[in-house]
Amino acid sequence: MLKLSKKEIRILWFIRSSRHKTTIAEIARGLGYTDAEVEAFVEGMVGQKLLNRAQGSSPSENAYYTNPEKREEIFDLIG
């Protein structure tokens, strides 16, 4: 199983509990983190294939959602 920081787990939980794909700004605002901090963690989780990216018309409009193939693992991570 992957080892994630508490902030990564909170971000993953936030994305998983959202009804729709969510942007970096929405995650940052919802959790009280900076956009840069969230972006770094999210990009790491995209690299680990936990998250997928839906391309927006600009990088700030990119939206993220959990990878359906990893949802069982994600449920184990977020409890």
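In the predicted model, E37 forms a salt bridge with K7 (a side-chain nitrogen of Lys or Arg within 4 Å of a carboxyl oxygen of Asp or Glu), the closest N and O atoms lying 2.5 Å apart. This pair links distant parts of the chain, with E37 in helix 3 and K7 in helix 1 (residues 6-17), 30 residues apart; helices are DSSP runs of H or I of at least four residues and strands runs of E of at least two, numbered from the N terminus. E37 is partly exposed at a relative accessible area of 23%, and K7 is likewise partly exposed at 33%, where the class lies between buried (under 20%) and exposed (over 50%), computed with a 1.4 Å probe on protein chains only.

The structure holds three salt bridges. In another of these, the side chains of E43 and R53 meet at 2.4 Å, N to O, joining helix 3 to strand 2 (residues 51-54) across ten residues. The side chains of K70 and E73 form a salt bridge at 3.7 Å, N to O.

Helix 3 (residues 35-47) also meets helix 2 (residues 24-31), their axes coming within 9 Å and crossing at roughly 115°, with axes fitted to C-alpha atoms over the stretch in contact and angles running from 0 to 180 degrees between N-to-C directions. The contact (heavy atoms within 4.5 Å) is made by I24, A25, I27 and A28 of helix 2 and D35, V38, E39 and V42 of helix 3.

Residues are numbered from 1 along each chain as its sequence is written, and side-chain values use heavy atoms, without hydrogens and water. Local features need pLDDT of at least 70 and side-chain atom pairs count only at pLDDT 80 or more, whereas totals for chains, interfaces and linings use all residues.
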